[in-house]
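Please look at the sequence and the model shown here before reading on. The report then takes up a few of its parts in turn.

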Amino acid sequence: MKLGRLALLALPIAAAACSSSSHVETPKIPPARVFRLAGFEPQGKVESGRPTTLAFTIEQPSGAPLTAYRRGPGPHTGVHLIVVRDDLGTIIHHHPPVAAGGHVSDRVTFPAPGPYRVLVDAYPANLPQRNFQLFANVDVAGKYTPRPLPPFAPTATIDGYRISIHGKPSLRAIEPAFLTVTVTDPAGRPAAFTPWFGALAHAIFFRSGSLSYFHTHVCGANTPACAGVFGPAKISGRSSTPGRLSVGVLLPQSGTWRLFLQCKVGGRILTAPFTLRVR
């Protein structure tokens, strides 16, 4: 199991002085100060198909636990816990509660064997950064054969619901774009979206190979504090009509990406996967 850390800039506090000697003092640079996942569980391999406790505390550079998180309406609060298999064949997305001491504990069922990336997207309160990500890896026991990603297909059918991207996306790295998506129920009627984790839809992107990550939301009149801004670009999507979503995209690298589009309709969470090529 490997843990990821978020490093803060550390500035050298010693400088080399001029001297007539041929000996030159090497500046001493202190170790980088980092956020890290402390006490991460599980520690060993786990079994697929059985609930597993996934737990951790975010430790600040000072060594103290992070206990203050953004709260309120909208999705930019608390902790997003996102688990994805290395071949991008499956995803789990939870918002677990944070205990008073900063401890996070959740029950996760890994659906199949293989290596998984656990990504913790944290929204701290009273810190300069709005959010940051930490990660860990979990091995699920059993025979694992990676599955190649399928080519782009415009429609995914999930539990009888049809989720369709209109037109073939033409995406470029670091260029904002929007995808038009429609969702119809098993009878062919436009689906009515219910807010879920502060948004009408979540668009979660992972890059094949590197597992680079991007996450945006689709907002509506009944989802306050949903919109997100990435530098000068406003790429949060909108939905003002049943069954229709505008999904914002701003991916940092070229390559093959997997979009997991999630929305709540008819009392269930739909997760529609799409393969996207970014130039």
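## About the model

This is a predicted model, in which local features need pLDDT of at least 70 and side-chain atom pairs count only at pLDDT 80 or more, while totals for chains, interfaces and linings use all residues. Residues are numbered from 1 along each chain as its sequence is written, and side-chain values use heavy atoms, with hydrogens and water left out.

β9 and β10 are joined by four bridges in the antiparallel sense, and A156 stands opposite I163 in β10.

## The nonpolar cores

A nonpolar core is a set of buried Ala, Val, Leu, Ile, Met, Phe, Trp, Tyr and Cys residues joined through side-chain atoms within 4.5 Å, where buried means under 20% relative accessible area with a 1.4 Å probe, protein chains only. The largest one has 33 residues, of which I163, L179, V181, F205, L245 and L261 touch the most other members. Apart from it lies another core of 26 residues, including V104 and V140.

## A loop residue

V46 lies in the loop between β2 (33-41) and β3 (51-59), and it counts as buried because its relative accessibility is 9%. Leaving aside residues up to four places away in sequence, V46 touches T52, F110, V138, D139, V140 and A141, where contact means heavy atoms within 4.5 Å.

Notes:
Helices (H or I, at least four residues) and strands (E, at least two) are DSSP runs, numbered from the N terminus. Buried means under 20% relative accessible area, exposed over 50%, partly exposed in between (1.4 Å probe, protein chains only). Two strands pair if DSSP finds at least two bridges between them.
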